[in-house]
Amino acid sequence: MARNAQPVRTGTIAGPVAAGTVFALILAALVAVAAKAELPVRFGPADWAALRFTVWQSFLSALFSVLFAIPVARALARRSFVGRRVLVTLLGAPFILPVIVAVMGLLVVFGGAGWVSQGLGLFGLPPLSIYGLEGVVLAHVFFNMPLATRLILQGWQAIPAEQFRLAGQLGLPPPAIFRTLEWPVLRQVGPGAFALIFVICLTSFAVALTLGGGPRATTIELAIYQAFRFEFDLGRAAVLSLVQLVVAGSAAVAALWILPPIAAQMGRGRPVRRWDAQGTGLRLLDATWIGLAAAFLLVPLGAIVGSGVPGLAQMPAQVWQAAWTSIWVATLCTVVLVALALPISIWLAQTRRGGAEALTLIGLAASPLMIGTGWFILINPFAAPADLALVVTALVNATMGLPFAVRILMPAMRQVMTDYGRLSAGLGLSGPALWRIVILPRVRTPLGFAAGLSAALSIGDLGVVTLFADNDRATLPLQMYRLMGSYRTEAAAGAALVLLTLALGMFWLCDAWGRRHAEG
Amino acid sequence: MRGGDDMLKVDGLHIAQGDFELGADFAVAKGQRVAVIGPSGAGKSTLLNAIGGYIESTGTINVNGQDVSAAAPDRRGIAMLFQDGNLFPHLTLAQNVGLGLRPALRLNPAEQTRVRAALDSVGLAKLGQRKPGDVSGGQQSRAALARVLVQGRPLLLLDEPFAALGPALRGEMLDLTSTVARDTGATVLMITHAPEDAKRAADQVIFVDGGRAQAPRPVREIMSNPPEALRAYLGS
């Protein structure tokens, strides 16, 4: 008997094609890298050291991020105060903060000549040293502790208000609340947050480039860069890239099933009314944690602004040129990302689960430097890689942002198809009309957020471009890194302020576009 | 059955969803208003969704003499109103109605006039530029009916689109539906829970129970002498 009409779906091949293109780009890089790797593989003591350091710093970064996030999230979950919303929103800021800008801020505060060291000097104590393991972990905690806080806060805020009402009625003391309500959630969310941060830190490059280095503090990602840039040993870079893929890939696979989803509004809901923890001591404790977290976040940000303003006048003309370059790289990246993310997310939203997870896996496991190395090898015989540095940077950035964008868009896409799929099908809406009239207006808010995120990540990215760029071409983060490397600290601080403004500005532009006319 | 006069004819229709199964063989004559009643979970909604082409089924579905079993929902000569989500919240009422004429929404002046006339005839002449969120539930229902009006499809399926309205408003909407159906010459299948709705707005009743959709019978006959299963459902 004839099979009757299908359930509602947008019949397009754009999704599989877009996803296939991304796969092919990554696979081509991988094959190019593998072909260059020399056999038998030599894995020297320096490589082992890099591997050990990569895993160890990721472990410590994830551990401290989650440990400090717990009391901060707990304080935020059970207190309601003026500025709470702003603070929770600010917890999202490190995510779009260019790494090198944050490093600059951390150096001003915690560096050898930084504020804290000067304070210690007053008491005759030696200055801090934040180069090496301490610095790398500090920077990673700066970036990821807020993320962990939001994930845990999100989990606790999802506990129904009725349960806290019941707890209040029974007069449960804070330890009992922790045992019965908070701990079960923490046990679910905590390992996921730890795993996510661990995997993110495995492929961290810019932090290691600026604060690490040397035999005791080189990550695999940094070792790829050094093999490539200083020794021009493509064979060794290739071997290290494969090691990176195996390490990050297996960690991502292991972590995949406990990775938490990432949402735009994460942890931004109203606090649940709670009746516990009203004692003065606990209030003081929570206030301390919130204050410490806010200071840890805000003081380095303030330092960037404070030291950047006088630096603006010191900046060489190349900074403005680089800023312009960065704007178009980020724009190209965002356009490509949106063009890929829309068809892929609507496709995955209509297929069974698993697709998004697989995509996330690639995003987390494939290191940008590995892809960059691969494409350098592929391009090299035909053209000067430096000529294509910016395009490749934009494309690799788009690939890296894709898993986040798809994860952000997919729930909204699913919602559209659930709510309006039948209506659209019944009216014969399909193809461009379906996108224009139904899908885009309904997913505008998450689309703006995803585009803003990708623009900010791209404009602040200091990764692939370091492999490709020559002296004539630089993005703003690279230009800033060069200024820092030549000890033009004030000019670098000025560039940091420009970069910070651009990253936040591009994010705001896209996000505001998404929110405008966003309605029921 | 007088084959040529059937608006809807289902033969060997079979729907399977997990443990749930529903079979149907019946025909509905042109111009009839048919109430579909039955206990919740019996498969009323499933039946209409299968006829509309929104869920998979086997067997044949004929609408207006055409076999539409494999056609897309918009190619079946059917307009359907769902329990909710009948209007796009980000479009104005006029745009929502306009979608019934042209899915790409680029209407020519004559079509715009038709949209205005349709809004006028359901009493929404002044509200075309409002969005669904800015009007009442009853006005939203009217806008959806205005779209049905411009669609001009020969078969109209109603999956309790007025369930959220109060009894008085619901009655009003059922009357308006009858008017719209009369004006467009449409045959109507409507799911309802209330026997008084069936009496008010239907000529025939299809009773769905025990995995079968029974053939339609005149509403007066079935209400005055309900079969055992229907009596149990109605509680009379």
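Two strands pair if DSSP finds at least two bridges between them. That is a handy rule to carry into the legends below, which walk through a predicted model.

Figure 1. While you are zoomed in here, is E9(B) mostly covered or mostly open? Strand E9 (residues 204-209) of chain B is mostly covered, with 5 of its 6 residues buried.

**Figure 2. Other neighbours of E9(B): strands E3 and E10 of chain B.** Strand E3 (residues 33-37) of chain B runs parallel to E9(B), and 4 bridges join them. To find your way around this pairing, look for Ile37(B), whose bridge partner in E9(B) is Phe207(B). With strand E10 (residues 212-213) of chain B, E9(B) pairs in the antiparallel sense over 2 bridges. Here Val208(B) has Ala213(B) as its bridge partner in E10(B). E9(B) and E10(B) form a hairpin that has 2 residues between the strands.

**Figure 3. Strands E6 and E7 of chain B side by side.** E6 (residues 78-81) and E7 (residues 155-158) of chain B run parallel, joined by 4 bridges. One pair to pick out is Ile78(B) with its bridge partner Leu155(B) in E7(B). Which residues of E6(B) point one way, and which point the other way? Ile78(B) and Met80(B) point one way from the strand, while Ala79(B) and Leu81(B) point the other way. Residues on both sides are buried: Ile78(B), Ala79(B), Met80(B) and Leu81(B).

**Figure 4. Helices H4 and H5 of chain B in contact.** Two packed helices are described by the angle between their axes and the distance between the axes. For H4 (residues 137-151) and H5 of chain B, the axes come within 10 Å and cross at roughly 10°. Angles under 35 degrees count as roughly parallel, and H4(B) and H5(B) are therefore roughly parallel to each other. On the H4(B) side, the residues in the contact are Gly138(B), Ser141(B), Arg142(B), Leu145(B), Val148(B) and Leu149(B). They meet Leu169(B), Met173(B), Leu176(B), Thr177(B), Val180(B), Asp183(B) and Thr184(B) in H5(B). By class, this helix contact has 7 nonpolar, 4 polar and 2 charged residues.

**Figure 5. The two domains of chain B and where they touch.** The domain assignment gives chain B a domain 1 (1-77 + 155-236) and a domain 2 (87-152). Taken over C-alpha atoms, the centres of these domains are 25 Å apart. Their contact takes 12 residues from domain 1 of chain B and 10 residues from domain 2 of chain B. Which element gives the most to the domain 1 side? Helix H5 (residues 167-184) of chain B does, with 7 residues. That side of domain 1 divides into 9 nonpolar, 2 polar and 1 charged residues.

**Figure 6. Two loop residues of chain B with positive phi.** Asn64(B) sits in the loop between strand E4 (58-63) and strand E5 (66-67) of chain B. Its phi is near 55°, a positive value in a residue other than glycine. Asn64(B) counts as partly exposed because it has 17 C-beta neighbours inside 10 Å. Glu160(B) is placed in the loop between E7 and H5 of chain B. Phi of Glu160(B) is near 50°, again positive in a residue other than glycine. Why does Glu160(B) count as buried? It has 20 C-beta neighbours inside 10 Å, and 20 or more is the mark for a buried residue.

**Figure 7. Chain A meets chain B.** In this view, 24 residues of chain A are in contact with 27 residues of chain B. Helices H17 (389-426) and H18 (431-459) of chain A each supply at least two residues of the chain A side. H17(A) gives the most to that side, with 6 residues. The chain A side divides into 14 nonpolar, 5 polar and 5 charged residues.

**Figure 8. Val246(A) and Ala366(A).** Val246(A) lies in helix H12 (residues 234-255) of chain A. With 11 C-beta neighbours inside 10 Å, Val246(A) counts as exposed. Val246(A) and Ala366(A) are 120 residues apart along the chain, and their C-alpha atoms are separated by 9.2 Å.

Definitions and conventions. Residues are numbered from 1 along each chain as its sequence is written. Chains are lettered from A and ligands numbered from 1 in the order in which they are written. This is a predicted model: local features need pLDDT of at least 70, side-chain atom pairs count only at pLDDT 80 or more; totals for chains, interfaces and linings use all residues. Domain bounds come from an automatic or database domain assignment. Two residues are in contact if their C-beta atoms, placed from the backbone, lie within 7 Å. Ala, Val, Leu, Ile, Met, Phe, Trp, Tyr, Cys and Pro count as nonpolar, Asp, Glu, Lys and Arg as charged, and the others, Gly among them, as polar. A residue is buried if 20 or more other C-beta atoms lie within 10 Å of its own, exposed if 12 or fewer, and partly exposed in between; C-beta atoms are placed from the backbone. Axes are lines fitted to C-alpha atoms, for helices over the stretch in contact, and angles run from 0 to 180 degrees between N-to-C directions. Angles under 35 degrees count as roughly parallel, over 145 as roughly antiparallel, 65 to 115 as roughly perpendicular and the rest as oblique.
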